[in-house]
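Good morning, and thank you for making time for this presentation. I shall go from the overall fold to individual sites and end with some backbone details.

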Amino acid sequence: MLFKAFSAATYGIDAYLVEVEVDISAGNGIFTTVGLPDAAVRESRERIKSAIKNCGLDFPFQNITVNLAPADVKKEGSGFDLSIALGILGTTGVLLKTELKHFIFLGELSLDGGLRPVKGALSIAGMARQKGIRKLVVPLENAREAAVVQEVEVYGLRSLPEVLDLINETREFQPARVSTTEMLAAASQYAVDFRDVKGQLHAKRAIEVATAGGHNILMIGPPGAGKTMLAKRLPTILPPLTFEEAIQTTRIHSVAGVLEPGVGLVGTRPFRAPHHTISDAGLIGGGAVPRPGEVSLAHNGVLFLDELPEFQRNVLEVLRQPIEDGMVTIARAAMSLTFPARFVLAAAMNPCPCGFFNDPSRDCTCTPPQIQRYVSKISGPLLDRIDIHIDMPAVKYRELREDASGETSDQIRARVIAARERQLERYQGEKIYCNAQLSPRQMRKYCNISVECERLLESAMTRLGLSARAHDRILKVSRTIADLEGSESIGTVHISEAIHYRSLDRNYWA
């Protein structure tokens, strides 16, 4: 006897429908799963058998063949357990319905018949709406996440017996209901604030400029200067997540399995800080079936790389594509997947191996060649993509002990939002949304400067030995500084401040 049920799986951050066909025939109890299953899917037969028996139901002692279609796509994970179990029970007459074409079933079975959460529920709910399937059954922990998608009835259930009651209509269940507005508002609270940071006013200003224009930033200073503390507060002054951004961010986190249980939406800007021992696959993404890496988990947020020169050279070099294109493509022999990866890169480093070069209170023990080798670990092409470099000296005792608190994140964010709105209005139809994305052609159009500014920029490039790439970065940052002040034209004061944000060109790279 043949019975069909529907499940789903993810491919990248997108989902696809999986038809689960179960056939029972006379035999001695051989359980076979076909359709390119991985080890977790093949092991499901033991979980399913125990779950059915422990729920007080009979497991057929016959040959069972399970086909997962389409058969040419590799199936991963334990989310097919529930649909396979229902297919087996459907062949034995436990289900009162002969077809379940209006349902998608998703969930891992525990040995006692309970449902455990799975990855990618949000993407699968979106796919169900596109396919016109209006009922989705998921574990209770995934219900809020999947219920974000409108026009799909999401039933969050606890166990296999509850699923049988839903199908046989022996009990009444209400689909999950959520308010996306309330969810987003409740999830958009940050635990840190810029008012906590003592001193470092120039660094706060540079971070404000970076967030206002979408610029990448590199902080250089001795240990304990507050580089990590500032970086962690950078997301708090970015514009709030829109609903579309929250959906896309949640999909990535759900597929990667890092979404907190019971959380329906990611409401705050992501902040990812991988350790410097990370591999290139961990940073970019990868695996036999590619999964999102740290750059994709930081999408719509901040990627913080502490101790930048300590990262392996090949790991840093793979950052070029996501920084430039806002996405990362992972190619394998059987597939090619693209993950979104648009983020603000915040990096921190010591000025030398010992960390105290140019520190007035501590003596540096490094030789000039050691310093040069240390900072040269950051390649020119990567440095070319970092617009702002700032020196951060150690915080003085008087600044640490002062009672006066600085500006809050909300106050700084208001100025950042106003600057971003000016850029969105200016670049309508240009397919860019911030100054950091300006191309050379667009720079000539939107970054015109006066004769006085030309003289100042020429003098700085000649006197400080600034590179050609620094010229373009200075113009982009100047445009952002002018936007923060509400000025349509770039003035000498804007150029001067932007020149100040090229520390590496001035002090380290001659």
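How many helices and strands are there in the protein? There are 23 helices and 18 strands, where helices (H or I, at least four residues) and strands (E, at least two) are DSSP runs numbered from the N terminus. Before I continue, please note that this is a predicted model, in which local features need pLDDT of at least 70 and side-chain atom pairs count only at pLDDT 80 or more, while totals for chains, interfaces and linings use all residues. Residues are numbered from 1 along each chain as its sequence is written, and side-chain values use heavy atoms, with hydrogens and water left out.

The C-alpha trace spans about 90 × 50 × 45 Å along its principal axes. Of the 510 residues, 53% count as buried; buried means under 20% relative accessible area, exposed means over 50%, and partly exposed lies in between, with a 1.4 Å probe and protein chains only. Contact here means heavy atoms within 4.5 Å. Among contacts between residues at least 6 apart in sequence, 74% join residues at least 24 apart.

Helix H4, residues 121-131, has 8 of its 11 residues buried, so it is largely enclosed by the rest of the structure. The buried residues of H4 are Ala 121, Leu 122, Ser 123, Ile 124, Ala 125, Gly 126, Met 127 and Ala 128. What covers them includes strands S1 (2-11), S2 (14-25), S5 (103-105) and S8 (135-139), together with helices H5 (143-146) and H10 (243-256). Just after H4, Gly 132 takes a positive phi of about 80°.

Helix H21 is also largely enclosed by the rest of the structure, because 13 of its 17 residues are buried.

H21 brings us to the largest pocket. Its volume is about 960 Å³. Of the 38 residues that line this pocket, the closest to its centre are Gly 214, Arg 342, Tyr 433, Cys 434 and Gln 437. The elements that give two or more residues to the lining are helices H14 (320-325), H18 (409-426), H19 (440-446) and H21 (468-484). A pocket is, on a 1 Å grid over the protein atoms alone, an open set of points where a 1.4 Å probe fits, with protein on both sides within 12 Å along at least five of seven lines; lining residues have an atom within 4 Å of a point. Grid points are joined across faces, edges and corners, and the volume is the space filled by probe spheres set on the points.

Asn 63 lies in strand S4, residues 63-69. Is Asn 63 buried or exposed? Asn 63 counts as buried because its relative accessibility is 19%. Its side chain reaches the backbone nitrogen of Asn 28 at 3.3 Å, and a polar atom of that side chain lies 3.4 Å from the backbone nitrogen of Gly 29. Leaving aside neighbours within four places in sequence, the contacts of Asn 63 include Asp 23, Ser 25 and Ile 30.

Ser 379 sits in the loop between helix H15 (368-375) and helix H16 (380-383). At 4% relative accessibility, Ser 379 counts as buried. Beyond its neighbours within four places in sequence, Ser 379 is in contact with Arg 313, Glu 317 and Arg 320.

Finally, some backbone details. Most residues other than glycine have a negative phi, and most peptide bonds are trans. The peptide bond from Ala 69 to Pro 70, however, is cis, with omega near 5°. Pro 70 is placed in the loop between S4 and helix H3 (81-91).

Glu 151 has a positive phi near 70°. This residue is in the loop between H5 and strand S9 (153-157) and, at 57% relative accessibility, counts as exposed. Glu 307 likewise has a positive phi, of about 55°, and lies in the loop between strand S14 (302-305) and helix H13 (313-317). With a relative accessible area of 25%, Glu 307 is partly exposed.

How values were computed: Polar contact = N/O pair within 3.5 Å; in protein donor to acceptor, adjacent residues only side chain to side chain.
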